[in-house]
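Student: I have a model open here and would like to talk it through with you. Can we start with the pockets and then move on to the strands?

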Amino acid sequence: MKMIWCFYGTLICSVCYSQSPVDTLQIDREANQIIFVANPNSKFHDNVFKLLLADFGQPTICGKDTNMLDNSKSKYLGDWITVKKFRGKYYAYSPSEPFYNTFIRLTDSLLVMNDFNEGFVSFRYRNKIHTETRAVLQIVENNSITNLLTIRKKSKGIFVVRSSLFNSKRLFFVRRETFCDYPIIVNNCPSNRCPEFRF
């Protein structure tokens, strides 16, 4: 028992070195799981992309060159990732399962997104409408089913994305390059896959 308490003390000190005790959100000793809040621009932000985009060979992002797409043609082109709302604020999230976060890449002609079961899949646009505050993309799946993807600016840096391609009614997205600006809720479960934090 003493050994278990030493382990958790070491774990909390090593991952939460700059956090106050109120930033620890959940501890499950049986599952070897601790969920805590880390500061913006942390190593945990980079870890999200290392796991999520491993197949793309993408570099990490916090304070580094990301070889980003040129977004000069449209403010909707580029890479996007979900953030979560918790207690009235938005947070980045480092999950137990890498594909828990939704990642999309918008180019001039394609939507690339991570699908929990199939990895990264791409869809062609049939039509697109861009305004100052909103983009609507008509997306064609392989079986010719057409879906709409709507991106609407909600507040500074936060966009609401709705589509039947997602399992959720709406998701909150930020640009990949601003993801590190948000505090991050970390689901640290090194020995196995644990349940995700409930927002």
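Student: Which element gives the most to the lining of the largest pocket?

Tutor: Strand S6 does, with three residues, and please keep in mind throughout that this is a predicted model. Strand S3 (78–86) and strand S6 (110–115) are the elements that each contribute two or more residues to that lining.

Student: What is the volume of the largest pocket, and which residues lie nearest its centre?

Tutor: The volume is about 360 Å³, and of the 16 lining residues, Tyr-100, Thr-102, Phe-116, Phe-166 and Asn-167 lie nearest the centre. By residue class, the lining divides into seven nonpolar, seven polar and two charged residues.

Student: Staying with S6, is Asn-114 buried or exposed?

Tutor: Asn-114, which is found in strand S6, is buried, with a relative accessible area of 5%; the cut-off for calling a residue buried is under 20%, so Asn-114 falls within it.

Student: What does the side chain of Asn-114 reach?

Tutor: The side chain of Asn-114 reaches the backbone oxygen of Phe-99 at 3.5 Å, and a polar atom of that side chain also lies 2.4 Å from the backbone nitrogen of Phe-103.

Student: Which residues of H2 are buried?

Tutor: They are Phe-44, His-45, Asp-46, Val-48, Phe-49 and Leu-52. At the start of H2, a side-chain oxygen of Ser-42 comes to within 3.1 Å of the backbone nitrogen of Phe-44.

Student: And which residues touch the most other members of the largest nonpolar core?

Tutor: In that core of 24 residues, Ile-81, Val-83, Ile-158, Val-174, Phe-179 and Ile-184 touch the most other members. Several elements give two or more residues to this core, among them S2, S3 and S12, while H2 provides the largest share, four residues.

Student: Changing topic to S2: why is it described as largely enclosed?

Tutor: Six of the six residues of strand S2 (residues 33–38) are buried, so the strand is largely enclosed by the rest of the structure. Gln-33, Ile-35 and Val-37 point one way from S2, whereas Ile-34, Phe-36 and Ala-38 point the other way, and all are buried. In a regular strand the side chains alternate between the two faces of the sheet.

Student: In what sense does S2 pair with S1?

Tutor: Strand S1 (residues 24–28) pairs with S2 in the antiparallel sense over four bridges, and in one of these pairings Thr-24 has Phe-36 of S2 as its bridge partner. The hairpin of S1 and S2 has four residues between the strands, and Asn-32 in that hairpin takes a positive phi near 60°.

Student: How many bridges join S2 to S12?

Tutor: Five bridges join S2 to strand S12 (residues 184–188), and these two strands run antiparallel. Here the bridge partner of Ile-34 is Asn-188 in S12.

Terms used:
Residues are numbered from 1 along each chain as its sequence is written. This is a predicted model: local features need pLDDT of at least 70, side-chain atom pairs count only at pLDDT 80 or more; totals for chains, interfaces and linings use all residues. Side-chain values use heavy atoms; hydrogens and water are left out. Buried means under 20% relative accessible area, exposed over 50%, partly exposed in between (1.4 Å probe, protein chains only). Two strands pair if DSSP finds at least two bridges between them. On a 1 Å grid over the protein atoms alone, a cavity is a set of points where a 1.4 Å probe fits but cannot get out, and a pocket is an open set with protein on both sides within 12 Å along at least five of seven lines; lining residues have an atom within 4 Å of a point. Grid points are joined across faces, edges and corners, and a volume is the space filled by probe spheres set on the points. Ala, Val, Leu, Ile, Met, Phe, Trp, Tyr, Cys and Pro count as nonpolar, Asp, Glu, Lys and Arg as charged, and the others, Gly among them, as polar. A polar contact is a pair of N or O atoms within 3.5 Å; within protein, one must be able to donate a hydrogen and the other to accept it, and residues adjacent in sequence count only if both atoms are side-chain atoms. A nonpolar core is a set of buried Ala, Val, Leu, Ile, Met, Phe, Trp, Tyr and Cys residues joined through side-chain atoms within 4.5 Å.
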